[in-house]
Amino acid sequence: MRRGLGWTALVAALLVYPFADRVLGFQTVHAVSDGMIYVLLALGLNIVVGYAGLLDLGYAAFFAIGAYAMGLLNSPLVGSPFYGHAWSFWLCIWIAAAVSALLGVAIGAPTLRVRGDYLAIITLGFGEIIPVAIRNLGDITIELGSWRPVERLNLTGGENGVNPIGRPHFPGVPFETDPVPWYFLILVIGAASLWAMNRLRDSRLGRAWMAIREDETAADCTGVNPVSTKLLAFALGASFSGFAGSVYAAKLQAITPGAFEFQVSIMLLCMVVLGGAGSLKGVILGGMLITLFDRVALAQTTFFVRWVGRTIGAPALVAADLTLWRWFFFGLGLALVMLLRPEGLAGRRMRPIPIGDDADAPASAPAPRVEAIPGWLRDRMRGGGNFGTEPILEIHGLTKRFGGIVALNEVDLIVPRGAIVGLIGPNGAGKTTLFNVVTGLIRPEGGRITFEGARLGGLRPNAIVARGIARTFQSIRLFPQMTVLENVLVGEHCRLAASVAGAVLRPRAVVSEEARARERGRELLAFVGLGGKEDDVARNLPYGDQRRLEIARALATEPRLILLDEPTAGMNPRETATLTALIGTLRRELALSVLLIEHDMEVVMGVSDRITVLDYGTRIAEGTPAEIQRHPRVIEAYLGTGYELERHA
Amino acid sequence: MLWWEVLVQQTINGLTRGAVFALIALGYTMVYGIIELINFAHGDVFMLGLFISLSWFALLGVTKTLVGWQLVTILPLVFALTMLTTAALNVAIDRMAYRPLRRSTRLAPLITAIGVSFMLENVALLWKGPAPIAYPDVFPSVDILREWFGVDSAIFITTKDLLVVGATIPLMVGLNYFVTRTRWGKAMRATAQDRETAQAMGIDVERTILLTFFVGGALAGAAGLIQGMYYNIGMWWMGYQAGLRAFTAAVLGGIGNMPGAALGGLFIGFLSAWSDQYISARWTNALVFAILILVLVFRPQGLMGERSADKV
């Protein structure tokens with residue numbers, strides 16, 4: 001109720017403002033509209049930086065592309081073979097957005113595989129090249145000896161830019177003389193963008209962006225394709241700046257390359273970081289604060305300081321000009337926000353990780369109940385193959401070297417369908433390397449991996465998840481800033497279908513898919529014993545809960561084989577027992593095949609059907625738990641001669 | 001000028017430019033090697049080094065070209081003072097801006113570094129004004145070929161070129177000795193390879209990082225002084241561009257690899273001089289950035305580095 005009232009007041013204020021401004025004679029509509037364009041740019045940058053976590057230091061380049069697309073297509077004057085026929089503003093604005101998005105993809109495609117800080121520098125380099133290119137393309141002469149195929153060709157207007165640029169035409173609306181229609185045009189574009197961004201955030205795609213931001217490797221191993229997800233962030237972020245750039249060009253009537261330099265990228269980054277990367281409200285707030293600071297506060301404070309100077313007779317103050325300090329304050333702002341409040345003004349305040357919180361929580365989660373297994377999961381798992389006889393995963397002659405070290409040496413391993421296979425061996429034996437090879441994180445030098453009869457060679461991790469293999473990590477790798485439910489929903493990512501358009505427009509199919517996904521996520525969380533914690537932030541969970549959440553996230557990908565990497569590491573005996581029971585239940589009830597790395601012999605011997613032992617990358621034994629316990633090489637290499645005695649002590 | 005004279009002249013230009021880039025690039029590469037931070041403000045420390053050396057000359061009363069004994073007393077003194085000042089500045093930046101973020105994400109200190117860079121540039125702008133500043137001709141300029149050898153040639157080599165080479169080579173040899181032969185250098189290399197293990201072996205990691213910033217800042221200061229004496233001009237915005245070119249050099253040589261940074265600096269120096277001559281000075285920046293992008297995308301370990309696997 002109160003929220004609705006607030007919204008109504010806000011909309012009314014936005015609608016009344018330009019008329020009130022005119023009545024009062026403030027003449028601020030122009031400046032406010034310009035500020036809104038920068039806020040729109042910051043919102044676009046927020047998709048890249050805030051949602052997907054990719055630091056873009058050359059975002060102004062996309063702004064430039066949008067502006068020049070508008071300028072070159074809609075300018076009646078410039079004398080180049082490419083233009084001269086002014087196109088309609090309403091057409092150009094879409095072309096500008098499309099060109100920017102295309103360029104975003106073109107830049108992104110080859111560069112998105114590099115690490116975060118390198119990507120930042122690449123975008124910076126790109127942001128530098130674009131203004132240089134725009135400047136130089138205003139006067140091209142190609143000289144090869146005495147032959148001049150191109151002489152003084154002007155494509156972009158060079159340093160002078162493009163001027164004038166045609167205004168939009170709309171029957172009965174005076175775009176030529178009045179700033180108010182511009183205000184409303186930008187308001188409409190901004191509101192529509194905001195609406196779309198808000199919907200994107202809470203969609204399958206938005207969750208994928210955040211998962212990539214939190215932990216790219218874990219996201220890849222949960223079924224999110226990092227390359228296409230990041231590309232979408234680049235393309236969408238760029239298209240919003242294409243809109244902003246084209247409106248900016250048409251409103252200003254003139255563009256020069258100087259308006260798109262590095263400083264503009266950094267100012268936009270300031271807005272995003274100050275307000276809180278990832279928060280729409282925060283970015284709007286940051287954008288307004290910085291625009292206000294830049295346009296109003298510095299100048300007004302200068303007046304004030306000079307007045308003080310005159311009053312107390314200090315000539316240093318009289319001569320002060322704070323606007324010269326502009327970039328100093330931007331730099332200071334960036335540094336201070338990072339040092340003091342890295343989540344920004346409106347970002348979600350990170351609670352410190354609770355210490356000793358385990359005492360208040362129930363000592364251990366309830367044992368998994370068979371009847372709590374979600375029905376949909378049963379349905380997905382049922383059928384497909386002969387339980388226990390045919391192999392679901394076959395590994396033959398797998399070899400992996402790191403430099404001179406042979407991490408895996410001709411390893412063979414078979415997981416029968418519906419079986420639990422233990423993988424044990426001393427530290428450094430190659431167990432986790434085997435997991436990383438099977439899940440596609442690293443490429444083997446030789447050998448064959450077959451899952452359900454099909455070769456897995458060369459597939460990316462997310463494609464392997466889609467085939468039906470899920471994993472957990474030795475050191476827990478959740479998406480720490482996302483909620484418990486969101487973590488599980490990322491797991492469902494590869495089983496959902498919503499596209500970008502679907503995420504924004506939300507047709508009925510997408511709405512029901514999303515509702516079903518959430519319902520499934522809740523059921524799954526209830527089953528693993530995390531019911532009621534759906535909205536907790538993952539990093540605040542106690543250790544044992546984090547382990548269970550990681551398993552729930554893996555189960556959400558609807559796997560037929562799950563790889564568990566030391567799932568009971570660091571757990572107390574009761575938690576270990578619960579988890580062991582959970583693994584048994586999954587196999588018994590869902591016919592889920594499990595490949596398990598575990599150092600707790602109690603667990604491994606108790607739950608496994610068969611065990612493979614690795615030592616220095618070589619398989620030294622394979623057999624039932626009873627056989628393994630008596631195997632002389634295993635006792636020598638791993639269990640130790642006293643193992644039998646210790647166990648019965 | 002004959003074509004080969006142009007080529008020789010531009011190659012000499014490239015060598016002197018490259019020597020300055022190499023000194024700056026070493027600071028980037030050392031800091032990246034040890035804390036994996038692209039120290040965006042480093043180019044601006046170089047720029048401030050130029051202005052600071054100017055102040056030291058002024059404080060010492062030097063207004064005219066140094067002669068005779070002054071060259072072996074005042075000049076080394078100014079080198080030392082400038083290097084100490086920029087080293088202290090670099091250490092202060094690390095303490096205030098980067099150290100509190102040692103345990104945060106990789107991007108947080110990078111954003112902070114950009115902030116620091118803007119602050120330093122603005123300080124220089126307010127200190128020296130927006131226009132380029134003339135740097136007095138403190139180092140004697142003698143046309144070597146004509147005056148010393150009596151050769152009449154279109155190629156122009158001066159004692160200033162000798163100064164660049166003569167100052168850069170001892171600095172690099174000294175740095176190499178420091179890093180490979182001393183206890184502190186060993187601590188730096190160990191910390192760069194594995195901070196935790198170095199700590200476990202009793203190395204004071206924070207002090208080693210401080211030392212790295214100190215040495216990097218000193219080299220940037222020397223580069224600023226050399227730049228000033230060679231070109232006789234300084235601009236508040238020169239740090240950004242020189243910094244990016246030097247960073248490109250560091251990336252080209254394999255970031256973290258010190259001989260690589262030095263060679264990368266020379267390469268970028270030659271390339272930019274040749275590009276100015278044979279393509280167009282207007283496109284040189286775009287060319288350098290294109291190289292930066294291509295190397296980062298296709299060979300992020302640099303032209304000399306080895307590919308290392310990321311830990312999973």
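Is B:Lys160 buried or exposed? In this predicted model, B:Lys160 has a relative accessible area of 7% and is therefore buried. Its salt-bridge partner is B:Asp137, with the closest N and O atoms 3.2 Å apart. The pair links distant parts of the chain, 23 residues apart: B:Lys160 belongs to helix α6 (residues 159–181) of chain B, and B:Asp137 to the loop between β1 (133–134) and α5 (144–148) of chain B. B:Asp137 is partly exposed, at a relative accessible area of 39%. Elsewhere in chain B, salt bridges with shared partners connect B:Asp94, B:Arg95, B:Arg99, B:Arg102 and B:Glu206 in one network.

Over all chains, the structure holds 33 salt bridges. One of them joins A:Glu445 to A:Lys400, with a closest N to O separation of 3.6 Å. A:Glu445 is located in the loop between α15 (431–438) and β6 (446–451) of chain A, whereas A:Lys400 is part of strand β3 (residues 391–402) of chain A, so the contact ties together parts 45 residues apart in sequence. A:Glu445 is partly exposed, with 45% relative accessibility, while A:Lys400 is buried at 9%. A further salt bridge is found between the side chains of A:Arg341 and A:Glu343 (3.9 Å, N to O). Here A:Arg341 is partly exposed, with a relative accessible area of 27%, and A:Glu343 is buried, with a value of 9%.

Charged residues also form a positive surface patch, made up of B:Arg183, B:Lys186, B:Arg189 and B:Arg207. Helix α7 (residues 183–193) of chain B supplies the largest share of this patch, three residues. B:Arg207 lies in helix α9 (residues 205–231) of chain B. The relative accessible area of B:Arg207 is 53%, above the 50% cut-off, so this residue is classed as exposed.

In the pair A:Phe175 and A:Trp182, the ring centres are 5.2 Å apart and the planes stand at 70 degrees, so the arrangement is edge-to-face. Both A:Phe175 and A:Trp182 are buried. One aromatic cluster contains residues of chains A and B: A:Phe262, A:Phe293, A:Trp325, A:Trp327, A:Phe328, A:Phe329, A:Phe330, B:Phe40, B:Phe118 and B:Tyr240.

In chain A, A:Ser228 is situated in helix α9 (residues 226–252) and is partly exposed, at 36% relative accessibility. The C-alpha atoms of A:Ser228 and A:Phe304 are separated by 52 Å, the two residues being 76 residues apart along the chain.

Technical notes
Residues numbered from 1 in each chain as written. Chains lettered and ligands numbered in written order. Predicted model: local features only at pLDDT ≥ 70, side-chain atom pairs only at ≥ 80, totals over all residues. Heavy atoms only, no water. Patch = residues over 30% accessible without salt bridge, like charges linked within 9 Å, V, L, I, M, F, W, Y side chains within 5 Å. Areas by Shrake-Rupley, 256 points an atom, 1.4 Å probe, with all protein chains shown as cover. Salt bridge = Lys/Arg side-chain N within 4 Å of Asp/Glu carboxyl O. Lys, Arg positive; Asp, Glu negative; His and termini not counted. Charge placed at Lys NZ, Arg CZ, Asp CG, Glu CD. Helix = DSSP H or I, 4+ residues; strand = E, 2+ residues; numbered from the N terminus. Buried < 20%, exposed > 50% of the residue type's maximum accessible area, 1.4 Å probe, protein only. Phe/Tyr/Trp six-rings, centres within 6.5 Å; stacked < 30°, edge-to-face > 60°.
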